[in-house]
Amino acid sequence: MSMQQGVAERQLDPAIWKAIAGAFVQVPKVYSRVFYFPPGHAEQATCPPALSGLDLPNPAFECRVQAVLYCVHPKSDEVFLKIRLAPISRILSEQSGRIEHHPAANPAGDHENGNDPEVKVVFSVKVLTPSDANNGGGFSVPRSCAETVFPPLNYEAEHSVQTISVIDVHGNSWEFRHIYRGTPRRHLLTTGWSKFVDAKKLVAGDSTVFVKNQNSQIYVGVRRKPTSLACWRLSRLVAAARVRSEQEGRNTDEFSRSQNGRVPPESVVEAVDLAAKGKPFEVVYYPNARSQPFVIKAELVESSLKMYWEAGMIVRMALETEDSSRLTWFQGVVSSATVPDHGMWKGSPWRMLQVTWDDPEILSHAKEVSPWQVECVDPSLSTHTSFLSSQKKFRFLRILLIQENYYLLKRV
């Protein structure tokens, strides 16, 4: 891959990365067609990026995925993606006079460009309790983890105990004493666990992910505790202050529990500027409970926008359970379906649906969602492509034609 890498940046095996990030986190495939939504990219910045001075032909960009890196933050252990995108070049067919996609080539093969073959791993996720996160205590191991991820214990021995070796996301090795004791008997990690809690700055509500690969090597990763909306807003202010301090040369603590504020605003501005000019660019995406993916499979976007969205529609949305074992569906009612009719994001469907959920506490972070995130529950509602051309608020697909003409003009 030709993507630039930071000095302290470490790449993970894609299968290990996906287990730690969440089994249902969607990773765009290399050479697939996607839409890049700058508003979503801006949401991951430390502070609002200065985009007002850019000349944007449209609020989203149709792109081809050129490369994907599976990375990990050097301090927080959070996993993230580095994605290289190229706005799709279009050529005017001399025979038909129609605009056509330039065919994408894949000379190096999927494995060398980020589409690694699907590798089976076994993993177990646990949200830490106050007892687990007490750096003077131990870790209560879920039975499924002990039986499927950890090496088998000899339950016939007088003392069922073993030492297991685990590798973290940075390649560091940790040793834990695994015992099976108590009344009722249960699995525990004792010696070595407190040191791990202290080093990783774990607190109750964080999650640990133990992963076993095909060679029976065990890895461990962490997921940071989701923040409330108020804490998220405060974290962005703190992150912005940290950026200012760094610019002024003052020392700052490199570890932060903020789930946003990882991406420098300048990198968002650079990506949007390059996208608007039709040039390849890179983005960084941190998957977490509060953020929406902003690089979306094109077919999914196009399909969702064929639906005539309006207030009163019943929708459902899937969320991954804490142990990543399955998806749980939540239902709600669309209270508003509008897109901006002025400003920088004019015509953008990003978070265009306001939804009142049946479980508002669980989905407090998802009051505003994008059409491709939800499904319409009422099967009697069919897609109406005609609405896309007749309704002013659903101009997005027509923006594609504007983008095509924009690139054609630049070629002349």
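Helices (H or I, at least four residues) and strands (E, at least two) are DSSP runs, numbered from the N terminus. The model is predicted, so that local features need pLDDT of at least 70 and side-chain atom pairs count only at pLDDT 80 or more, while totals for chains, interfaces and linings use all residues. Residues are numbered from 1 along each chain as its sequence is written, and side-chain values use heavy atoms, with hydrogens and water left out.

View 1. Seven of the eight residues of helix α1 (residues 14-21) are buried, where buried means under 20% relative accessible area, exposed over 50%, and partly exposed in between (1.4 Å probe, protein chains only). Among the buried residues are Pro 14, Ile 16, Trp 17 and Ile 20. The buried residues of α1 pack against β3 (61-72), β4 (79-87), β7 (122-127), β12 (207-212) and β13 (218-223), contact being heavy atoms within 4.5 Å. At the start of α1, a side-chain oxygen of Asp 13 comes to within 2.9 Å of the backbone nitrogen of Ala 15, and just after the helix Gly 22 adopts a positive phi of about 135°.

**View 2. The open sheet that includes β16 and β20.** Five strands, in the order β19-β18-β17-β16-β20, make up an open sheet with antiparallel pairing. The strands β19 (368-369) and β20 (375-376) lie at the edges, each with a single partner strand, so one side of each is left without a neighbour in the sheet. Two strands pair if DSSP finds at least two bridges between them, and β16 (residues 314-320) pairs with β20 in the antiparallel sense over two bridges. Glu 375 in β20 is the bridge partner of Arg 316.

**View 3. The salt bridge between Glu 375 and Arg 316.** A salt bridge is a side-chain nitrogen of Lys or Arg within 4 Å of a carboxyl oxygen of Asp or Glu. Glu 375 and Arg 316 form one, with their closest N and O atoms 3.1 Å apart; this pair links distant parts of the chain, 59 residues apart. Glu 375 is partly exposed at 37% relative accessibility, as is Arg 316 at 31%.

**View 4. The salt bridge between Arg 33 and Glu 299.** The closest N and O atoms of Arg 33 and Glu 299 are 3.7 Å apart in this salt bridge, which links strand β2 (residues 33-36) to helix α7 (residues 298-304) across 266 residues. Arg 33 counts as buried at 16% relative accessibility, whereas Glu 299 is partly exposed at 40%. A network of salt bridges links Arg 33, Glu 62, Glu 299 and Glu 302.

Key: Polar contact = N/O pair within 3.5 Å; in protein donor to acceptor, adjacent residues only side chain to side chain.
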